[in-house]
Amino acid sequence: MVKRIACPSCGASLKIEEGKSGANCCYCGSQIVYSQAKEVVSSGATQDELTAVSFMNSLIIEVKGQRASIADLWDSIMNNKNYGEVELFKFYKNYSKRILFCLNIYKKLSPEVKYEVGDFICAQMNSIINFRVKHALFYSEELDELKVYREKLKYEYGSIGFFDFKKKLLHKKKLDRVAARESIIIYHDAMYALSKIVKDFDNRKVVLQEEYDATPKTAFARRKALKDKINGLEKAKKYEMDRLCIAGKTKEYNKYVKKYNINPVDMLKEEAGIIDEPIQTTSTQKAVTKAAKKVESQPVVEKINYNELSLNDLLTKLEGSLNILAKGAVQSEINNCKEIGNALAQQGGLDNTARVYLSAITMSINMMFQNSNPTIMKAMITNTTPNIKMQINNLRGCLK
């Protein structure tokens with residue numbers, strides 16, 4: 001027999017089978033002991049109303065000893081003229097785990113429940129969702145766990161005796177391994193954020209570009225205004241991309257890949273599809289694809305068997321291919337670059353250091369073409385090419 005009980009923490013009405021000792025609240029996550037919970041007696045309130053009340057209770061958090069609603073606090077920060085996005089970032093970071101918990105519930109609410117909750121709460125929750133999408137903010141529970149573990153190791157390290165060198169060395173190695181895992185998570189999150197930024201700005205740019213192309217050439221003022229908006233979007237995109245500090249995160253990532261001889265291909269499989277999201281195809285993108293196909297239709301002068309080339313020749317061919325892709329990512333050159341990458345992956349007879357650099361190059365090539373959308377691929381090529389060229393120089397240094 002199924003009975004309804006009230007969650008002691010948030011008041012949610014929950015179904016539970018009679019005879020079970022307990023359960024977890026699906027709204028606030030707290031553990032419920034069946035014998036201690038009160039049975040819900042019908043009060044005439046609809047299930048939607050009870051669900052709405054439970055959701056409202058889940059929004060409550062403690063700030064400096066006082067209970068407050070996430071929605072109220074978000075609205076206060078958003079509309080305070082003395083605050084900016086820095087304060088929103090700070091609030092989101094401090095309460096990200098709780099905020100995401102509430103957002104996950106909110107997304108599952110029916111329209112009827114959202115009506116019961118009220119326009120104000122819905123507006124604030126949608127504002128938080130838009131803020132997350134705009135700034136590509138993604139919470140990693142593993143990073144939180146690693147942070148706790150790192151602090152524990154630091155505390156233990158401080159309590160080790162001065163002459164216990166063996167134990168101190170062991171803890172140092174553990175701390176370095178934690179840093180390695182953190183850098184890998186941060187790197188992949190940054191690459192995912194990069195794809196979101198490119199998608200957002202390029203989709204907005206396409207709309208303006210279409211309007212610009214449709215504007216008569218005699219409408220000088222209108223065309224200039226649209227051109228300024230397009231250039232402004234490009235500058236804003238560059239600022240957001242620079243804010244991710246991809247170069248520094250890539251350097252840290254490569255450092256640990258080399259140090260611990262990590263196989264990057266395995267990590268790519270682990271993150272497979274993370275940026276492969278459907279993006280609306282616009283008429284401009286179709287035109288780009290059509291133009292690319294036109295270029296591809298031209299006869300190929302020479303078909304090179306890259307497996308017959310030496311490692312040094314392959315690296316030279318790769319540099320040439322990257323220079324071509326920087327000007328325009330047509331499918332024929334993409335296929336050419338992939339073939340070079342496959343040939344590089346087959347190279348043998350290298351020492352461990354050279355093998356690490358070679359693996360970094362092939363991994364980066366795979367990453368460039370992981371998403372087939374032209375705008376994302378273009379951004380990946382632009383941001384990954386400098387790193388590939390740096391690894392090529394490192395590899396050549398090992399071969400001398």
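These are my notebook entries on a predicted model of one protein chain.

**Entry 1: overall make-up**

I began with the secondary structure. The chain has 16 helices and seven strands. Next I checked burial. Of the 400 residues, 40% count as buried. I then looked at how far apart in sequence the contacting residues are. Among contacts between residues at least 6 apart, 65% join residues at least 24 apart. Last, I looked up the surface. The chain exposes about 23,800 Å². Carbon and sulfur atoms supply 53% of that area.

**Entry 2: cysteines**

How many disulfides does the structure hold? I found zero. Cys 102 is buried, because its relative accessibility is 1% and the cut-off is under 20%. Cys 398 has a relative accessible area of 28%, so I noted it as partly exposed.

**Entry 3: the nonpolar cores**

I turned to the largest nonpolar core. It has 27 residues. Which of its residues touch the most other members? They are Phe 55, Ile 70, Met 125 and Ile 128.

Leaving out residues up to four places away in sequence, Met 125 touches Phe 55, Leu 59, Cys 102, Leu 103 and Tyr 106. Cys 102 is the buried cysteine of my previous entry.

As a general note, nonpolar side chains in soluble globular proteins tend to be buried together.

**Entry 4: Ile 77**

I stayed with helix 2 and looked up Ile 77, which lies there. Ile 77 has a relative accessible area of 12%, so it counts as buried. Which residues does Ile 77 contact, leaving aside neighbours within four places in sequence? I found Tyr 83, Glu 87, Leu 88 and Phe 91.

**Entry 5: Gln 391**

Gln 391 sits in helix 16, which covers residues 374-399. Is Gln 391 buried or exposed? It is buried, because its relative accessibility is 3%. Gln 391 is in contact with Asn 254, Tyr 357, Ala 360 and Ile 361.

**Entry 6: a phenylalanine patch**

I searched the surface for nonpolar side chains. Phe 162, Phe 163 and Phe 165 form a nonpolar patch there. Together they have about 440 Å² of accessible area. Phe 165 lies in helix 8, residues 165-214. Its relative accessibility is 54%, and the cut-off for exposed is over 50%, so Phe 165 counts as exposed.

**Entry 7: salt bridges**

I counted 13 salt bridges. I followed three of them.

Where do the two partners sit? Lys 237 is in helix 9 (residues 220-243) and Asp 202 is in helix 8, so far as the chain goes 35 residues apart. Both partners are buried: Lys 237 has a relative accessible area of 12%, and Asp 202 is at 10%.

I then took Glu 234 and Lys 237. This salt bridge is 4.0 Å, N to O. Both residues lie in helix 9, three residues apart, about one turn of the helix. Glu 234 is partly exposed, with a relative accessible area of 29%. Shared partners join Asp 202, Lys 205, Glu 234 and Lys 237 into one network of salt bridges.

Lys 224 and Asp 228 were my last pair. Their salt bridge is 3.2 Å, N to O. The two residues are four apart in helix 9, which means about one helical turn between them. Lys 224 is exposed at 55% relative accessibility. Asp 228 is partly exposed at 42%.

Terms used:
Residues are numbered from 1 along each chain as its sequence is written. This is a predicted model: local features need pLDDT of at least 70, side-chain atom pairs count only at pLDDT 80 or more; totals for chains, interfaces and linings use all residues. Side-chain values use heavy atoms; hydrogens and water are left out. Buried means under 20% relative accessible area, exposed over 50%, partly exposed in between (1.4 Å probe, protein chains only). Contact means heavy atoms within 4.5 Å. Accessible areas come from the Shrake-Rupley method with a 1.4 Å probe; for residues, only the protein chains shown count as cover. A disulfide is a pair of cysteine sulfur atoms within 2.5 Å. A nonpolar core is a set of buried Ala, Val, Leu, Ile, Met, Phe, Trp, Tyr and Cys residues joined through side-chain atoms within 4.5 Å. Patches are made of residues with over 30% relative accessible area and no salt bridge: like charges are joined within 9 Å, nonpolar side chains (Val, Leu, Ile, Met, Phe, Trp, Tyr) within 5 Å.
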